[in-house]
Amino acid sequence: MNKLITYISIITLLISCKSDIIPIDNTTVFRYNEHKNIGSLDPAFAKDLADIWATNQLFNGLVQMDDSLNVKPSIAIDWTISEDALTYTFNLRNDVFFHKHKLFGKDSTRIVTAKDFEYSFDRILDKKIASSGQWVFSKVDNFYATTDSTFVVKLNQPFPAFLGLLTMKYCSVVPKEITEHYGSDFRSHPIGTGPFKFKRWEENIKLVFRKNNNYFEKDNNGKQLPHLEAVAITFLPDKQSEFLQFAQGNIDFVSGLDASYKDDILTATGNLRPKYKKDVNMIRGPYLNTEYLAFYMESDLTEIQSETLRKAINYGFNRKKMMTYLRNGIGIPANGGFIPKGLPGYNKSIGFTYQPEKAKALIQEFSNNTGITNPKITITTTGNYLSFCEFIQRELQKTGLAVSIDVMPASALKSGKANGKLDMFRASWVADYPDAENYLSLYYSKNFAPNGPNYTHFKSDEFDTLYESAFNETNVTKRQILYTKMDSLVMSKTPIVPLFYDEVVRFTRKNINGLSINPVNLLELKNVSKR
């Protein structure tokens with residue numbers, strides 16, 4: 001009954017969205033649903049995608065990223081990097097104002113200064129705040145304002161990906177007088193500098209942002225951003241209901257592909273079905289997410305220890321067929337390495353292709369060398385990815401390898417892989433920041449889980465040397481070559497089985513213009529207009 005009441009409340013909101021945000025015209029309101037709910041509007045806790053999407057409309061940082069993953073100015077006009085790559089000096093704009101609030105005094109607002117960034121970064125590191133973004137500053141020695149418009153960050157070691165880290169919403173600027181006034185309630189009383197300002201939030205029901213008329217950015221034609229008057233977010237709890245509202249024109253945008261509607265909207269080859277072509281646009285592109293199977297390299301099982309058998313598994317199933325049947329062609333078969341398509345360092349030729357006869361020969365070779373005539377493995381997964389593991393199971397059994405599947409809750413799998421309790425498991429890695437180092441860190445021996453992300457316990461002295469040298473390489477092209485070499489080395493030792501590189505897929509109504517996609521799946525609404 002409670003779920004029904006919530007559902008009816010949300011439908012009422014969708015139908016009456018115009019009256020809810022009087023006096024603006026509904027044709028200037030962008031409406032979307034967030035089925036996972038939003039935990040906080042405080043950028044210090046912008047960990048999940050739902051929170052990141054919302055805070056991205058409200059806050060800005062020193063820099064931002066374009067759709068091609070290039071770091072661009074935001075509140076910082078420009079910056080310089082010292083020759084030793086340890087000191088970053090940012091020059092700030094003088095026309096960026098916080099959203100209006102009575103606590104600012106007479107003018108209800110004020111200009112952002114370098115001191116505000118000093119405070120905001122200190123706040124992330126404050127153990128009392130307990131921000132999930134403290135790790136962002138792990139390579140930072142100190143930071144300080146030298147003038148109102150100059151901000152300096154000093155690193156404790158060179159880190160070429162640092163500017164990319166600064167694009168994360170954790171690094172947004174917030175006003176001290178407002179955050180200290182609200183304390184933990186800043187999560188629901190956010191004041192930032194973004195293209196939209198907070199209006200109201202009925203948790204799990206609706207969230208409304210209004211246009212920030214004092215926003216500092218302009219579009220390519222010199223017109224002030226944003227173009228929309230408002231953003232209205234609802235919280236239908238499941239993707240099927242969300243898609244129904246989209247199909248009926250009650251929301252403007254749906255992200256991702258869910259089993260509940262994928263066959264209704266897409267053909268098996270990933271194209272829009274004819275009944276949707278008149279009213280719906282689909283945009284898709286690479287997403288920095290690699291889905292894979294992982295081997296625990298310190299396993300006691302002979303099958304897992306065998307590089308021969310691990311290679312057989314990589315050769316033994318058809319990734320393209322898997323993506324067609326299970327994802328309607330959405331997603332890129334992972335015939336390259338661990339670095340996904342869309343990220344510098346990716347190489348499509350360093351991985352494995354479908355060669356079933358070679359897989360059979362390798363399994364026979366394994367049996368001849370070990371005396372194990374009926375080799376077997378167990379893949380541990382969550383229910384969401386059972387269909388993928390069952391597909392791989394059927395394919396590999398044709399090669400002579402017995403495959404069992406163990407389904408467990410996500411929390412149990414997370415604990416098991418972190419503590420070396422699983423011999424083989426399904427996993428995914430979504431980029432925290434857009435640099436291949438983020439992916440390669442999973443194979444650095446000093447990052448062994450549970451204290452780091454090296455869940456396979458892969459160890460290679462050659463890899464470690466290359467990984468450490470990449471930090472000191474400031475030349476972008478040379479660093480990319482190092483990344484590809486490391487990725488190729490990992491694939492040659494096969495601690496993993498790459499499955500696919502995910503894609504961002506977005507469906508919009510035909511009257512939506514300016515909504516783009518990017519490999520980090522960030523929702524950027526400042527350039528969007530609605531006819």
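## A look around the predicted chain

Ala130 is partly exposed, with 47% relative accessible area (buried is under 20%, exposed over 50%, partly exposed in between, with a 1.4 Å probe and protein chains only). This is a predicted model, so local features need pLDDT of at least 70 and side-chain atom pairs 80 or more, while totals for chains, interfaces and linings use all residues. Residues are numbered from 1 along each chain as its sequence is written, and side-chain values use heavy atoms, with hydrogens and water left out.

Back to Ala130: its phi is near 60°, a positive value in a residue other than glycine. You'll find Ala130 in the loop between helix 4 and strand 6 (140-147); helices (H or I, at least four residues) and strands (E, at least two) are DSSP runs, numbered from the N terminus. His457 also has a positive phi, about 60°, without being a glycine. His457 counts as buried, at 12% relative accessibility, and lies in the loop between helix 16 and helix 17.

| Cis bond | Omega |
|---|---|
| Leu225 to Pro226 | near -5° |
| Ala449 to Pro450 | near 10° |

Pro226 sits in the loop between strand 9 (206-211) and strand 10 (230-234), and Pro450 in the one between helix 16 (437-440) and helix 17 (461-470).

Thr109 belongs to the loop between strand 5 (87-92) and helix 4 (114-125), and is buried at 14% relative accessible area. Leaving aside residues up to four places away in sequence, Thr109 touches Phe97, Phe98, His99, Lys100 and Phe104 (contact means heavy atoms within 4.5 Å).

Zooming out, the chain has 18 helices and 19 strands. Its radius of gyration is 25 Å, close to the 24 Å that the globule rule gives for 531 residues, so the chain is as compact as a globular protein of that length. That radius is taken over C-alpha atoms, and the rule is 2.2 Å times the number of residues to the power 0.38. Of the 531 residues, 55% count as buried. Among contacts between residues at least 6 apart in sequence, 68% join residues at least 24 apart.

The C-alpha atoms fill a box of roughly 85 × 60 × 40 Å, taken along the principal axes.
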